[in-house]
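Try each task before you read its solution.

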Amino acid sequence: MAAVDRGGAAGGDPDVVSLLLRPADDGPLPAARAGQYVSVRVRMPDGVRQTRQYSLSGAPGDRLRRITVKRVASLAGAPEGEVSGLLHRAVRAGDELTLSAPFGDVVLDDADTPLVLVSAGIGCTPMVGMLEHLAATGSVRPVRVLHADRSPAGHALRADTRRLVDQLACARAEFWYEHDVPAEPGVRQGLMDLDGLDLPADADVYLCGSLPFMRAVRAQLLRAGVPARRIRYEVFGPDLWLAHAED
């Protein structure tokens with residue numbers, strides 16, 4: 001069981017909230033690695049227990065676990081996300097949630113090769129967890145952070161990303177926005193386009209976002225000369241990548 005503290009809206013988006021979780025018995029946390037996620041089980045109003053997975057968006061060595069949850073809105077007649085909606089509406093500081101040990105195989109390794117973190121939307125959460133770990137360990141590894149979103153206002157953990165990039169000796173970030181693009185260095189308009197970024201061919205690349213986004217960016221990375229074996233991703237839900245892959 002984990003006791004909850006609410007971290008407030010993440011990045012100014014009212015549909016995104018960070019929850020800070022600590023062991024309810026004040027016992028030790030199970031080991032975690034940057035990039036992993038946890039299962040969160042909640043009891044719904046009808047008594048049914050539902051489980052969802054959320055990436056760790058904080059450093060794995062902390063005494064707290066942080067998850068960042070985007071509320072799935074009702075669109076085109078589809079219902080609102082049950083669990084994400086409940087975590088936003090009903091969970092308050094001091095409440096308890098059932099949390100699994102961290103798991104997932106797409107984790108940050110301890111190599112010194114260049115690192116490229118590529119995300120879209122709420123896919124930024126494991127990337128921020130990786131950045132938190134790199135900053136906490138004083139890493140001098142070259143890091144490129146590439147993120148795409150609809151607008152700066154909807155970019156979850158944007159301030160955290162900026163802060164962590166500034167803390168790292170060899171890191172820089174580039175953002176793509178479709179709307180309300182600010183006049184800032186490293187900020188571009190439109191969809192993510194990797195042409196001209198001069199990404200190192202020996203980089204370890206991590207992808208997180210919707211399946212169409214990851215497939216499109218993976219194709220760009222391959223054209224840029226990054227070997228497929230260096231591109232790591234994890235699909236949440238049915239993995240239809242191979243069934244529809246063209247490369």
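**Exercise 1.** Find what share of the contacts with a separation of 6 or more comes from residues 24 or more positions apart.

*Solution.* In this predicted model, residues 24 or more positions apart account for 68% of those contacts. The chain that makes them has five helices and 12 strands.

**Exercise 2.** Decide whether V226 is buried or exposed, and list what V226 touches.

*Solution.* Start by locating V226: it sits in the loop between α4 (211-223) and β12 (231-233). Next, compare accessibility with the cut-off: buried means under 20% relative accessible area. V226 has 3% relative accessibility, so V226 counts as buried. Finally, look for partners beyond four places in sequence: V226 touches P200, A201, A203, V205, L221 and I231.

**Exercise 3.** Work out which parts of the chain the salt bridge between R141 and D204 ties together.

*Solution.* First, check the pair: the closest N and O atoms of R141 and D204 are 3.1 Å apart. Then place both ends: R141 is in the loop between α2 (124-136) and β8 (143-149), while D204 is in strand β11 (residues 204-208), so the bridge joins parts 63 residues apart in sequence. Both R141 and D204 are buried.

How values were computed. Residues are numbered from 1 along each chain as its sequence is written. This is a predicted model: local features need pLDDT of at least 70, side-chain atom pairs count only at pLDDT 80 or more; totals for chains, interfaces and linings use all residues. Side-chain values use heavy atoms; hydrogens and water are left out. Helices (H or I, at least four residues) and strands (E, at least two) are DSSP runs, numbered from the N terminus. Contact means heavy atoms within 4.5 Å. Buried means under 20% relative accessible area, exposed over 50%, partly exposed in between (1.4 Å probe, protein chains only). A salt bridge is a side-chain nitrogen of Lys or Arg within 4 Å of a carboxyl oxygen of Asp or Glu.
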